[in-house]
Each structure stands twice: as C-alpha cells, then as structure tokens.
Amino acid sequence: MSANAMEQLYQQVILDHARHPHGRVALEPDSPATTAVAGHDGCSGRSHQVNPTCGDEVTLEVVLDRTGTVPSIADVRWEGQGCSISQASVSVLYDLVVGEDLPGVDNLTTTFRELLATRGAGLDDEDAEDLLGDANAFTGVGKFPARVKCALLGWVALTDALVRTGVREEH
C-alpha cells in the first residue's frame, strides 16, 4: 500500500471514530458513576482535562475491576468536545483499554506516546503496531506538535483518573 493510500486510510479511521465515538456517554455532573458493572467493586475515578491551546475538553471516568490479582479496566465512560483528533483518540483509547489489566494499559499508553514522538515516521515495530490497532492512525499527528496535545488529551485524562481511583500514585 502506498504512503498516500495509508495516510488516507488513517484519516478515515480518525474521522469514523470522531463521527461515531466509542464509549461516549453523558456523564452525571461531579459524581463518579457507581452504576454496577459486572465484576467490579465500585472503584472509579474521573478526570477533566482541557487543552488550553485549542480548547478541546474531555471528562473521562474509569471503572476498575479489582477482583483479580491485578486490577483491570472494567469500563471507560467519557464526554468531550473538540477537534476530530482529540475525540477520535479517546474513542480509540476506549477500544484499547476496556478489559485490559493495568500493566497492559501502561504498555499501551507508553507505546502510543512513543508513536506520537516519531514525528510521523511510525514505530517500525510490528508488535507495537498490532498492539495499537486503530491508534496507528495517529502516526501522522506526530508531525504537528500542537496536534499531539489533542491526541494525548484522553490518555492524560485516563492516567489522572487512575490516580484518582487510588491504584496509581501521582507523577
């Protein structure tokens, strides 16, 4: 597949996620959800993040399942507004992290940040590309430093929400 065809495919993935975002719901104001999710013990955290450069916003809530030996993400709920990159990135995040244990979430977060740091070159690592799935569509975003903040907005919210659950320490 040519580089131009790949870029068009990636643009389409971003637009599809922006138009039909996964995990997006109307959240209750100022109160983390306690809605029952099978297998979770009610532990949740919420984070509201704003990109002051462009005004993109996301409020993300994470619900943990701590019944196993390692906590995992039982659910992610979010709402937001902003550019297609910020909103699509949170949608892709949802698809990647729900059901994943916390070490897996850490690996995904690190790998996504590494992808954006390549400034559009990509990771050149098939395992990393397989891990990221639709998140590979953000490869070209790395060429535009101002847009990297848009793509990372939901990931920053996830990290902060995990701190607020008490399973993570602040960085």
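Q: Which residues does V13 touch, not counting residues up to four places away in sequence?
A: This is a predicted model. V13 has its place in helix α1. Leaving out residues up to four places away in sequence, V13 touches D134 and A137.

Q: Does V13 count as buried or exposed?
A: The cut-off for buried is under 20% relative accessible area. V13 has 17% relative accessibility, so V13 counts as buried.

Q: How far apart in space are V13 and V92, C-alpha to C-alpha?
A: In sequence, V13 and V92 are 79 residues apart. In space, C-alpha to C-alpha, the distance is 9.5 Å.

Q: In what order do the elements of the protein run from the N terminus on?
A: The protein has five helices and three strands. Starting at the N terminus, the order is α-β-β-β-α-α-α-α.

Q: What share of the contacts with a separation of 6 or more comes from residues 24 or more positions apart?
A: The protein has 171 residues, and buried residues make up 46% of them. Among contacts with a separation of 6 or more, residues 24 or more positions apart account for 61%.

Q: Which parts does the salt bridge of E61 and R46 tie together?
A: The side chains of E61 and R46 meet at 3.1 Å, N to O. E61 lies in strand β2 (residues 57–65) and R46 in strand β1 (residues 44–50), so the pair ties together parts 15 residues apart in sequence. Both E61 and R46 are buried. The parts are strands β2 and β1.

Q: How many residues apart in sequence are the parts that R77 and E61 tie together?
A: R77 and E61 meet in a salt bridge through their side chains, at 3.3 Å, N to O. R77 lies in strand β3 (residues 72–81) and E61 in strand β2, so this pair ties together parts that are apart in sequence by 16 residues.

Q: Which residues are linked in a network of salt bridges?
A: A search of the whole structure finds four salt bridges. E61 pairs with R46, and R77 pairs with E61. The linked residues are R46, E61, D75 and R77.

Q: Does R164 count as buried or exposed?
A: R164 forms a salt bridge with D160 at 2.8 Å, N to O. Both lie in helix α5 (residues 145–165), four residues apart, about one turn of the helix. The cut-off for exposed is over 50%. At 54% relative accessibility, R164 counts as exposed.

Q: Which element supplies the largest share of the largest nonpolar core?
A: This core has 41 residues, and L60, V62, I73, V97, F112 and F138 touch the most other members. Each of α1, β2, β3, α2 (84–97), α3 (102–117), α4 (126–132) and α5 supplies at least two residues. The largest share, 10 residues, comes from α5.

Q: Which residues does I73 touch, not counting residues up to four places away in sequence?
A: I73 is one of the core residues that touch the most other members. Leaving out residues up to four places away in sequence, I73 touches V62, V63, L64, V97, V98, G99, E100, L102, V105 and L162.

Q: Which element gives the largest share of the lining of the largest pocket?
A: The largest pocket has a volume of about 470 Å³. Its lining has 21 residues, with E7, Y10, A137, T139 and G140 nearest the centre. By class, the lining holds 11 nonpolar, six polar and four charged residues. The largest share, six residues, comes from helix α1.

Note on methods. Residues numbered from 1 in each chain as written. Predicted model: local features only at pLDDT ≥ 70, side-chain atom pairs only at ≥ 80, totals over all residues. Heavy atoms only, no water. Buried < 20%, exposed > 50% of the residue type's maximum accessible area, 1.4 Å probe, protein only. 1 Å grid on protein atoms, 1.4 Å probe; cavity = no way out; pocket = protein on both sides within 12 Å on 5 of 7 lines; lining within 4 Å. Points joined across faces, edges and corners; volume = space filled by probe spheres on them. Nonpolar A, V, L, I, M, F, W, Y, C, P; charged D, E, K, R; others polar. Core = buried A, V, L, I, M, F, W, Y, C linked by side-chain atoms within 4.5 Å. Contact = heavy atoms within 4.5 Å.
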